[in-house]
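Me: I would like to go through some labels used for this structure and ask what stands behind each of them.

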Amino acid sequence: MSCSEKKSKKKITVRVKRQLHPSCEWIPIGTGNHYKGKWNHRTMSGYGVYVMRNGTVYEGNFDDGLFHGDGTMYYPSGSRIEGVWEKGKCVQQNYIFSDGLRFQQNNWQYCKAPDRRFAIEHTNGFEPAARSYVTNRQPTVEVPDGAYDAGDGFYWPLTNTVHDYLTNALIRVPTMESSKWIIENCHRGGKRVVGFRPDLFKKWYGRAAEENEEGSTAADNNNPKKSEEIIHNDRSVMAEIKSAPSFDLPLQSIRSVHEPSTLNQSSSTLSLMAESTQLSRCQKTLILNHRVDANDFN
């Protein structure tokens, strides 16, 4: 027997490391979260479902213990992000609200002429003129005079704060950019004279419609970054409504957002006290500035 034949008959042994945990079991993570899915010999790797203690659920691919590849993040509010992750960082995203409304970061055409329908009208169709929708949220909440409907509460420009619709509790203090967007785009309470709006009386049919379509297409071509940040680069406003994957975890392992512990209650009380103090300081500062401006004019 030649040397080459001896080498060809030599057995090659390959050692394959077993995955760290079974794929069919929920494994608690040190941060209080839980994971069920594929593992390698030391961490999460492959397809799986990651449930966070606040109710947020990620379903998708992992690599070396991080979100990596295609995945969907489901939030307790019902909204979700369909995205692409690279080593834990979301590099492409498509944000979809709980009612199926698709958000576009650039050139968002929702509620803009010629199609000014709310999301509920995209889903359920139009109501008769006497019962037409004033807001997307139903039943319609009456906005106080001088306030704006910010979506999660009433925005008051004087204090630059957003308060809950029912309890009037302080929710957040918007940034300067967010406040400007609310004033320019959100529904304002009270009666006011709008005047003639030429943009609402354009002829959106025939030749004018073709010109508008050409103008929007040219604007899209001049903005090459538009398709890089959004996965679904189409003109559809609505998307399919999806819910987070179900998980059979015991109630003790997932702390409910609506039933906080005693520690969380005390911390939330301190947080509300701090927010109320901050709000009073904002009000005093604004009132003081208003008085100074008034004295300057006098």
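Me: Why is Asn-160 called partly exposed?
Reply: Asn-160 has a relative accessible area of 23%. Buried means under 20% and exposed over 50%, with partly exposed in between (1.4 Å probe, protein chains only), so Asn-160 counts as partly exposed.

Me: What kind of model do these values come from, and how are residues numbered?
Reply: The model is predicted: local features need pLDDT of at least 70, side-chain atom pairs count only at pLDDT 80 or more, and totals for chains, interfaces and linings use all residues. Numbering runs from 1 along each chain as its sequence is written, and side-chain values use heavy atoms, with hydrogens and water left out.

Me: Where is Asn-160 placed?
Reply: Asn-160 sits in the loop between β9 (154-156) and β10 (161-163). Strands are DSSP runs of E, at least two residues, and helices are runs of H or I, at least four, numbered from the N terminus.

Me: Which residues is Asn-160 in contact with, leaving aside neighbours within four places in sequence?
Reply: Tyr-155, Val-173, Pro-174 and Ser-179, where contact means heavy atoms within 4.5 Å.

Me: What makes the pairing of Asn-160 with Ser-179 a polar contact?
Reply: A polar contact is a pair of N or O atoms within 3.5 Å; within protein, one must be able to donate a hydrogen and the other to accept it, and residues adjacent in sequence count only if both atoms are side-chain atoms. The side chains of Asn-160 and Ser-179 are joined at 2.6 Å, and a polar contact of 2.9 Å links the side chains of Asn-160 and Tyr-155.

Me: Why is the pair Asp-63 and Lys-87 called a salt bridge?
Reply: The term needs a side-chain nitrogen of Lys or Arg within 4 Å of a carboxyl oxygen of Asp or Glu. For Asp-63 and Lys-87 the N to O distance is 2.7 Å. Asp-63 lies in strand β4 and Lys-87 in the loop between β6 and β7, so the pair ties together parts that are 24 residues apart in sequence.

Me: How many salt bridges are there by this rule?
Reply: The count is seven. Among them is Asp-115 with Arg-117, at 2.9 Å between the closest N and O atoms.

Me: What makes the phi of Lys-87 worth a remark?
Reply: Lys-87 has a positive phi of about 55° although it is not a glycine. Most residues other than glycine have a negative phi.
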